[in-house]
Amino acid sequence: MNYFQESGPVKGEILMKTYIMYGKTSSEYAAGMVSKPHNRIEVVQPLVDQFNMKIREFLFTNGESFNWLGVCEAEDDSTMEAVVGIILSSGNWANMHWSRAYDSLEYKAIYDKAHEGMASYVTTMQVAGGS
């Protein structure tokens, strides 16, 4: 699904940004799941709804550095940071990280902006008199 519109958003519409979340569950998480197995996506849905987010993927892995991966949509970076703060405060996670993800049109727009600004950039070698 592409949420980037080259013509800009409709007035009043908030375009959601895509984020990748990844983390490592703690031993407390495992103890709770062993004690009472349950579908975690159903339990976290109220938090997701409270922050007006959407879950695209909710995956558990057998990775060593992280064993959970999520792809979600949120309004902005501060929303993601707030949600991660809540998640970490539960004690169920050894770590949790997030990164902004861009579709190809969004990434092209970033490099279009860089291209436009490149004329004003001076490298350290240029300042030092090198090539």
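Author: What follows is a set of questions about this predicted model, each answered by setting a value against its definition.

Reader: What makes T18 count as buried or exposed?

Author: The relative accessibility of T18 is 15%, and buried means under 20%, so T18 is called buried. This residue has its place in strand β1, which covers residues 17-25.

Reader: How do you know that the side chain of T18 makes a polar contact with the side chain of R56?

Author: The two side chains come to 2.7 Å in this contact, and a polar contact requires a pair of N or O atoms within 3.5 Å, so the pair qualifies by that definition. Leaving aside residues up to four places away in sequence, T18 also touches several others, including V71, C72 and S99.

Reader: What is the bridge partner of T18 in β4?

Author: In β4 the bridge partner of T18 is A101, which is also listed among the residues that T18 touches.

Reader: Why are β1 and β4 said to pair?

Author: Strands pair if at least two bridges are found between them; β1 and β4 have 8 bridges, in the antiparallel sense, and therefore they meet the definition. By the same rule β1 pairs with β3 over 7 bridges, again antiparallel, with G23 and W68 as one of the bridged pairs, while 6 bridges join β2 to β3, where K54 has E73 as its partner.

Reader: What makes β2 and β4 the edges of the sheet?

Author: The open sheet has 4 strands in the order β2-β3-β1-β4, with antiparallel pairing. Strands β2 (54-60) and β4 (93-101) each have a single partner strand, so one side of each is left without a neighbour in the sheet. From one strand to the next, the twist averages 15°.

Reader: Why is β3 called mostly covered?

Author: Of the 7 residues of β3, 6 are buried, and buried means under 20% relative accessible area. Helix α3 (residues 77-89) lies across β1, β3 and β4, and runs at about 170° to β4.

Reader: What makes N39 a cap of helix α2?

Author: A side-chain oxygen of N39 lies 3.2 Å from the backbone nitrogen of I41, at the N-terminal end of α2 (residues 40-50). After α2 comes N52, whose phi is positive, near 55°.

Reader: How confident is the prediction along the protein chain?

Author: The mean pLDDT is 90, and 88% of the residues reach 70 or more, but over residues 1-7 the pLDDT is below 50.

Methods. Residues are numbered from 1 along each chain as its sequence is written. This is a predicted model: local features need pLDDT of at least 70, side-chain atom pairs count only at pLDDT 80 or more; totals for chains, interfaces and linings use all residues. Side-chain values use heavy atoms; hydrogens and water are left out. Helices (H or I, at least four residues) and strands (E, at least two) are DSSP runs, numbered from the N terminus. Buried means under 20% relative accessible area, exposed over 50%, partly exposed in between (1.4 Å probe, protein chains only). A polar contact is a pair of N or O atoms within 3.5 Å; within protein, one must be able to donate a hydrogen and the other to accept it, and residues adjacent in sequence count only if both atoms are side-chain atoms. Contact means heavy atoms within 4.5 Å. Axes are lines fitted to C-alpha atoms, for helices over the stretch in contact, and angles run from 0 to 180 degrees between N-to-C directions. pLDDT is the predictor's confidence in each residue, from 0 to 100.
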